[in-house]
Amino acid sequence: MPVHAIPQDALSPASPVREQRIRVWCTQLEAGGILYFPETPVLVPYADVEFLLGQQKCSSSLHKNIAYKPGRDKLSGIDEKSAGPDKVQRMHEIMRRYSSSVEAFLVEFLSPYQRRWRLDYASFRPVEEKGRDLSMRHRNDLLHTDAFPTRPTRGWRILRFFHNIHPNRTRDWVVGEPFARVVREFAPVKLALPRADGPVARAGKQFAQATGIASLVPQWKRTPYDAFMMRLHNTMKEDTAFQAGCQREEVQFASGSSWMVYTETVPHAVLGGQFALEQTFLVDPAAMVTRDSTPLEILEKMTGHVLA
Ligand code: SIN
Ligand code: FE
């Protein structure tokens, strides 16, 4: 079972073995485990939860995930015209508060990382996941590893912290095999392995970077690592034989629980559940407790190329 439950009392700062335990938890996380908190350690005020659960009834202004971008303090995914400014402002405050509460918790809990991360987007997921009508590449009920089309990470790791705020339902996931095994199955047969650019592509990229326009076009910001991870995400979802036949385990996250996982390496899918909060971190691979476990290292070893 890749799930490691963290008992509540282990979180107490008074616990004499807390530091040792933290290193073990980091190791488990980096090895593809899910750290599971049966009762979330990041408390969301009751009034905030009530407000978030109430969004179901006015779903016309809210039919997808709501995203909060802490770097720019911006909220998106809510239609201000139908929601009205008060509701938008309330949602903004709740997401801002959630984002900083999760970071404050992880500064302590993931102390070996010494904050070597970038606080990425937070999201609120109000929609029932079972039977969502989404395009193949957007579907989250197909096993996949995460990659962001417009935000290349250049080898930094994607760590996600979730909270199931549904009052009584579980959030139901399936989890696939470890990254090193999955990636061997997909590459090099099903995926073109990253290659060095030819002279024309290289000159184009250098020009784009020198003039600063590279930041405008996602493809130009991508390293070979990002291009590979994006292809892996798409190919996994589109491979019906893999979806039908691969090994998987079901995991249910209880109402009120939290969990965190490196989603760029752990194949996952959500099959059912409603109302979750989530905060993403991009973690410096040099901060890892276990040095040879990053996807960048695994892929570079496999291909013999520098990828980021
Ligand atoms: C995903 O990252 O694929 C979705 C996970 C979730 O919303 O539970
Ligand atoms: Fe995902």
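Modeller: An axis is a line fitted to C-alpha atoms, for helices over the stretch in contact, and angles run from 0 to 180 degrees between N-to-C directions. The model here is predicted.

Colleague: Start with α2 and α4. At roughly what angle do their axes cross?

Modeller: Helix α2 covers residues 46–53, and helix α4 covers residues 85–109. Their axes come within 11 Å and cross at roughly 125 degrees.

Colleague: Which residues make the contact of α2 and α4?

Modeller: From α2 come Ala47, Asp48, Phe51 and Leu52. From α4 come Lys87, Arg90, Met91, Ile94 and Arg97. By class, the contact has 5 nonpolar, no polar and 4 charged residues.

Colleague: Which residues of α5 and α10 make the contact?

Modeller: Phe179, Ala180 and Val183 belong to α5, while Pro295, Ile298, Leu299 and Met302 belong to α10. The classes are 7 nonpolar, no polar and no charged residues.

Colleague: Why is α8 called roughly perpendicular to α10?

Modeller: The axes of α8 (residues 224–238) and α10 come within 11 Å and cross at roughly 95 degrees. The class runs from 65 to 115 degrees. The angle falls in that range, so α8 is roughly perpendicular to α10. Tyr225, Phe228 and Met229 of α8 meet Pro295, Leu296 and Leu299 of α10. This contact has 6 nonpolar, no polar and no charged residues.

Colleague: What about ligand 1? Which residues surround ligand 1?

Modeller: Arg125, Asn140, His144, Asp146, Arg160, Phe162, Arg171, Trp173, His268 and Val270 do.

Colleague: How do you know that Arg125 has a polar contact with ligand 1?

Modeller: The cut-off is 3.5 Å between N or O atoms. A side-chain N or O atom of Arg125 is 2.7 Å from an oxygen atom of ligand 1, so the pair counts. Arg171 also has a polar side-chain atom 2.7 Å from a ligand 1 oxygen. For Trp173, the distance from a side-chain N or O atom to an oxygen of ligand 1 is 2.9 Å.

Conventions
Residues numbered from 1 in each chain as written. Chains lettered and ligands numbered in written order. Predicted model: local features only at pLDDT ≥ 70, side-chain atom pairs only at ≥ 80, totals over all residues. Heavy atoms only, no water. Contact = heavy atoms within 4.5 Å. Helix = DSSP H or I, 4+ residues; strand = E, 2+ residues; numbered from the N terminus. Nonpolar A, V, L, I, M, F, W, Y, C, P; charged D, E, K, R; others polar. Near = heavy atom within 4 Å. Polar contact = N/O pair within 3.5 Å; in protein donor to acceptor, adjacent residues only side chain to side chain. Parallel < 35°, antiparallel > 145°, perpendicular 65-115°, else oblique.
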